[in-house]
Amino acid sequence: MIGASLDDPERFAGIFHRHWDEIYRYIAQRLGPDPAEDVGAETFAVAFRGRQRYDRTRQDARPWLYGIATNLIRQHWRVERRHRRLLARVDPEAADESFDQASDERLVAQRLAPRIASALARLSTAERDLLLLIAWADLTYEEAAQALDVPPGTVGSRLYRIRRKLRRSLGDTNPLQLPEVEA
């Protein structure tokens with residue numbers, strides 16, 4: 001059926017109908033019913049997109065589907081852990097900051113956005129990817145190294161060079177440091 005779906009993609013529906021209930025139950029047992037629908041759907045979407053790599057000498061697609069589902073479950077857990085860590089790091093006092101302070105910070109950010117965007121545009125794609133994995137995705141050096149398939153020490157040395165480049169591009173100042181507000 002998988003081989004036939006290479007020429008006639010609608011034939012893959014048979015794989016979905018044959019295995020959906022079992023794969024869904026497995027995911028629901030591991031994650032609960034709420035995320036199981038999405039992870040289950042993604043399992044079959046990944047399988048469909050990767051069906052040309054399926055080893056057609058295997059008689060049963062179930063182990064392949066379970067492998068995909070297991071990887072997606074792990075990915076779901078990583079995202080959830082990262083989300084919980086971010087929530088735990090939220091400074092409760094920052095949530096209580098005054099409207100004036102928050103407004104000042106937004107104005108400074110808006111004013112600096114073009115300079116920062118210009119400095120980021122001058123980085124190579126690899127440098128920008130690394131910086132954004134650390135800054136936006138909140139990956140550790142080790143996680144960024146895995147994502148980019150480089151040694152962890154390489155991440156540290158590249159970030160050092162990236163920071164130096166950004167400082168030079170921004171006039172050797174820290175653009176994210178807010179000016180002192182006089183009382």
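## Exercise 1: A patch of charge

Helix α4 (residues 62-89) gives the most to the positive patch, with four residues. Here helices (H or I, at least four residues) and strands (E, at least two) are DSSP runs, numbered from the N terminus.

Before you start, note that this is a predicted model, in which local features need pLDDT of at least 70 and side-chain atom pairs count only at pLDDT 80 or more, while totals for chains, interfaces and linings use all residues. Residues are numbered from 1 along each chain as its sequence is written, and side-chain values use heavy atoms, with hydrogens and water left out.

**Task.** Find which residues gather in the patch of positive charge on the surface.

*Step 1.* Recall the rule: a patch is made of residues with over 30% relative accessible area and no salt bridge, where like charges are joined within 9 Å and nonpolar side chains (Val, Leu, Ile, Met, Phe, Trp, Tyr) within 5 Å. Lys and Arg count as positive and Asp and Glu as negative; His and the chain ends are not counted. The place of a charge is taken as NZ of Lys, CZ of Arg, CG of Asp or CD of Glu.

*Step 2.* The members are Arg-30, Arg-74, Arg-78, Arg-81 and Arg-84.

*Step 3.* Look at Arg-30, which sits in helix α2 (residues 13-31). Its relative accessibility is 32%, so Arg-30 counts as partly exposed. The cut-offs are: buried under 20% relative accessible area, exposed over 50%, partly exposed in between (1.4 Å probe, protein chains only).

*Step 4.* Thr-70, a residue of helix α4, touches Tyr-26 and Arg-30, not counting residues up to four places away in sequence. Contact means heavy atoms within 4.5 Å. Thr-70 has a relative accessible area of 16% and is therefore buried.

## Exercise 2: The whole chain

**Task.** Work out how many helices and strands the chain has.

*Step 1.* The chain has nine helices and zero strands, and its pattern along the sequence reads α-α-α-α-α-α-α-α-α.

*Step 2.* Of its 183 residues, 28% count as buried.

*Step 3.* Among contacts with a separation of 6 or more, 58% come from residues 24 or more positions apart.

## Exercise 3: Salt bridges

**Task.** Say how many salt bridges a search of the whole structure finds, and then examine them.

*Step 1.* Side chains of opposite charge can pair when their charged atoms come close. A salt bridge is a side-chain nitrogen of Lys or Arg within 4 Å of a carboxyl oxygen of Asp or Glu.

*Step 2.* The search finds three salt bridges.

*Step 3.* One of them joins Glu-22 and Arg-62, with the closest N and O atoms 3.3 Å apart. Because Glu-22 lies in helix α2 and Arg-62 in helix α4, the pair ties together parts that are 40 residues apart in sequence. Glu-22 is partly exposed at 24% relative accessibility, and Arg-62 is partly exposed at 33%.

*Step 4.* Another forms between Arg-49 and Glu-42, whose closest N and O atoms are 3.2 Å apart.

*Step 5.* Glu-127 and Lys-165 also meet in a salt bridge (2.7 Å, N to O). This pair links distant parts of the chain, with Glu-127 in helix α7 (residues 125-135) and Lys-165 in helix α9, 38 residues apart. Glu-127 is buried at 17% relative accessible area, whereas Lys-165 is partly exposed at 31%.

## Exercise 4: A charge without a partner

**Task.** Find which side chain of opposite charge is nearest to Arg-82.

*Step 1.* Start in helix α4, where Arg-82 is placed.

*Step 2.* Arg-82 is buried yet has no salt bridge; the nearest side chain of opposite charge is Glu-143, 4.3 Å away.

*Step 3.* Leaving aside neighbours within four places in sequence, Arg-82 is in contact with Ala-137, Leu-139 and Glu-143.

## Exercise 5: Buried or exposed?

**Task.** Decide whether Ala-47 counts as buried or exposed.

*Step 1.* Locate Ala-47 in helix α3 (residues 33-49).

*Step 2.* Its relative accessibility is 0%, so Ala-47 counts as buried.

*Step 3.* Ala-47 touches Phe-12, Trp-64, Leu-65 and Ile-68, not counting residues up to four places away in sequence.

How values were computed:
Areas by Shrake-Rupley, 256 points an atom, 1.4 Å probe, with all protein chains shown as cover.
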